[in-house]
Amino acid sequence: MDTEIVQKELELIKQRNQRVEADKAWETSLVRIGSVAVITYAVALLVMRALGVERFWLQAFIPSFGYILSTQSLPLIKRWWIKKFFR
């Protein structure tokens, strides 16, 4: 193979790896988790207010809290599953 072609392919692999690493970092970032939680709260707030739910501003925390709880517990569950699956 031509070294120039190998160099180009190697550079493409490096660029792909950088994109994959950035995506992984985004998936676990506090900015992403916080943003989704705030958007979830805002949507729940609007829906509950429109439905006439009492103390809608407080009730809207429930789905947001559930989301945050799930994102924090999933890494633990994932580690457990990997250990069990790859015995």
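User: Which element gives the largest share of the lining of the largest pocket?
Analyst: Helix α4, with four residues. A pocket is an open set of points on a 1 Å grid where a 1.4 Å probe fits, with protein on both sides within 12 Å along at least five of seven lines; lining residues have an atom within 4 Å of a point. The model is predicted, so local features need pLDDT of at least 70 and side-chain atom pairs need 80 or more, while totals for chains, interfaces and linings use all residues. Numbering starts from 1 along each chain as its sequence is written, and side-chain values use heavy atoms, without hydrogens or water.

User: Which elements give two or more residues to that lining?
Analyst: α1 (3-28), α2 (30-51) and α4 (61-85). Helices here are DSSP runs of H or I, at least four residues; strands are E, at least two.

User: Which residues line the pocket?
Analyst: Glu-27, Thr-28, Arg-32, Ile-33, Thr-71, Gln-72, Leu-74 and Pro-75.

User: Step back. How many helices and strands does the protein have?
Analyst: Four helices and zero strands. From the N terminus on, the order is α-α-α-α.

User: What does the C-alpha trace span along its principal axes?
Analyst: About 70 × 35 × 20 Å.

User: And what part of the protein is buried?
Analyst: Buried residues make up 10% of the 87 residues. Buried means under 20% relative accessible area, exposed over 50%, partly exposed in between, with a 1.4 Å probe.

User: What does the side chain of Thr-71 reach?
Analyst: The backbone oxygen of Ile-68, at 2.9 Å. The cut-off for a polar contact is a pair of N or O atoms within 3.5 Å, one able to donate a hydrogen and the other to accept it.

User: How far is Thr-71 from Ala-25?
Analyst: In space, 14 Å, C-alpha to C-alpha. In sequence, Thr-71 and Ala-25 are 46 residues apart.

User: Where does Ser-29 sit?
Analyst: In the loop between α1 and α2.

User: Why does Ser-29 count as buried?
Analyst: Because its relative accessibility is 17%.

User: Which backbone nitrogen lies 3.1 Å from a polar atom of the Ser-29 side chain?
Analyst: That of Arg-32, a residue that also lines the largest pocket. On the oxygen side, the backbone oxygen of Trp-26 lies 3.1 Å from a polar atom of the Ser-29 side chain.

User: Switching to rings. How many aromatic pairs are there?
Analyst: Three. One of them is Tyr-41 with Phe-61, a tilted pair at 4.7 Å centre to centre and 35 degrees between the planes. Rings of Phe, Tyr and Trp (its six-membered ring) pair if their centres lie within 6.5 Å; planes under 30 degrees apart are stacked, over 60 edge-to-face, the rest tilted.

User: Which helices hold Tyr-41 and Phe-61?
Analyst: Tyr-41 is in α2 and Phe-61 is in α4. The pair links distant parts of the chain, 20 residues apart. Phe-61 is partly exposed, at 47% relative accessible area.

User: Why is the Trp-81 and Phe-85 pair called stacked?
Analyst: Because the ring planes are at 15 degrees, with the centres 4.7 Å apart. Trp-81 and Phe-85 both lie in helix α4, four residues apart, about one turn of the helix.

User: Which residues do ring pairs link into a cluster?
Analyst: Trp-81, Phe-85 and Phe-86. Trp-81 is partly exposed, with a relative accessible area of 44%. Phe-85 is exposed, at 53%.

User: Last topic, backbone angles. What is phi at Arg-55?
Analyst: Positive, about 50 degrees, although Arg-55 is not a glycine. Most residues other than glycine have a negative phi.

User: Where does Arg-55 lie?
Analyst: In the loop between α2 and α3 (56-59).

User: Is Arg-55 buried or exposed?
Analyst: Exposed, with a relative accessible area of 52%.
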